[in-house]
Amino acid sequence: MKDLISVIMSTYNEKMEWLKASIESILNQTYSKIEFIIVLDNPDNTMIKRVVSDYANRDERIIVVENDKNIGLTNSLNKALEYCKGEYIARMDADDISDNNRLEKQLLYLKKYNYDLIGSKIRSIDESGNVIQKSSNHPVSNNIINSILKYDNCIPHPTWFVKREVYTDLNGYRNLHTCEDYDFLLRCSQKYRIGNCNDVTLTYRLNSISISRSNALRQLLSAKYLQKNYKNIDLINQSEIDKYVNKRTTQNKVENFDKTQLYFKEALVYKEEGEFFKMVLNLIIALKTSKYFLERCKNMLFIRTIRLVKR
């Protein structure tokens, strides 16, 4: 008998066409033994409620969970986990699109290489569906990922495919304001085998909200604090993170960091179009704009060195 896979998703204010494409990409999987738990985290959004309810009426595999009020992504995902009955749990965002063989491919990969949590490579698109990047360059093997995780999150959250027992043992996500997925990975890596499927299985949508937002710098600084204290990750709490972040955040730094996000997005487009000079120019401007972006690039250079050494 096939193993049951629980797919969890939280919705808020996504565009209807994005939400429909996301839901249908799960319902049309080649692996059909699934339950699809969709949390409505905005009870005032009647349009999303109507769309999700319509799909649920047509497909009994969908379980709709409606929050009384907006509780945020982390709490909504933890709520979805309470409804999961599957041996495996897959993450899905309401504006992304899974390849139709994603679940089948990830299940086989996880079993073949004896992993407990895996992600995959992704392709990136913009708001109009234009491809920005055909394939991400995420590491695959457990030993390289464990080395890189100390410096960067290298398993895309929307691609996670996890043994249910891992979520249960780690008590789901901790209620952090940002980086709850990175925090989970750092905790997970100390007890379990994690990896990435060496294939693209999901189309990730980059939109204006995710590229330029006021908390982007706070996310980067929060991640840095987790990195600095990963050996004692279980002892970290939100108040300690806030104290670290607030000391290093000013309005000017936030604005500059937002600009680097936009320059970096343009650089990705130029890379796909083969415009090497424009890509490099955009990255240089980004480096000059924000020292935090420069620090991230240093980390990425170090990560690349780790990959070369461990081949």
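These are my notebook entries on a predicted model of one protein chain.

**Ground rules.** I number residues from 1 along each chain as its sequence is written, and I work with heavy atoms for side-chain values, leaving out hydrogens and water.

**Overall make-up.** I looked up the secondary structure and found 13 helices and nine strands, where helices (H or I, at least four residues) and strands (E, at least two) are DSSP runs numbered from the N terminus. I then noted that 53% of the 311 residues are buried, with buried meaning under 20% relative accessible area, exposed over 50% and partly exposed in between (1.4 Å probe, protein chains only). Of the contacts (heavy atoms within 4.5 Å) with a separation of 6 or more, 78% are between residues 24 or more positions apart.

**Cores.** I looked next for nonpolar cores, each a set of buried Ala, Val, Leu, Ile, Met, Phe, Trp, Tyr and Cys residues joined through side-chain atoms within 4.5 Å. The largest has 41 residues, of which Leu-117, Trp-160 and Phe-184 touch the most other members. Among the elements that give two or more residues to this core are strand S2 (34-40), helix H5 (142-148) and helix H10 (238-247). Another core, of 33 residues, lies apart from it and includes Leu-40, Tyr-88, Met-92 and Ile-122.

**Helix H7.** Why do I call helix H7 (residues 180-189) largely enclosed by the rest of the structure? I do so because nine of its ten residues are buried, among them Asp-181, Phe-184 and Arg-187. I listed what covers these buried residues, and the cover includes helix H3 (73-81), strand S6 (117-125), helix H6 (164-169), strand S9 (194-205) and helix H9 (216-228).

**Cysteines.** I checked for disulfides, meaning pairs of cysteine sulfur atoms within 2.5 Å, and the count comes to zero. I also recorded that Cys-179 is buried at a relative accessible area of 11%, and that Cys-197 is buried at 1%.

**A surface patch.** On the surface I found a nonpolar patch formed by Phe-277, Leu-281 and Ile-285, with about 300 Å² of accessible area together. Leu-281 lies in helix H12 (residues 276-289) and counts as partly exposed because its relative accessibility is 39%. For such a patch, residues need over 30% relative accessible area and no salt bridge, with like charges joined within 9 Å and nonpolar side chains (Val, Leu, Ile, Met, Phe, Trp, Tyr) within 5 Å; a salt bridge is a side-chain nitrogen of Lys or Arg within 4 Å of a carboxyl oxygen of Asp or Glu. Accessible areas come from the Shrake-Rupley method with a 1.4 Å probe, and for residues only the protein chains shown count as cover.

Conventions. This is a predicted model: local features need pLDDT of at least 70, side-chain atom pairs count only at pLDDT 80 or more; totals for chains, interfaces and linings use all residues.
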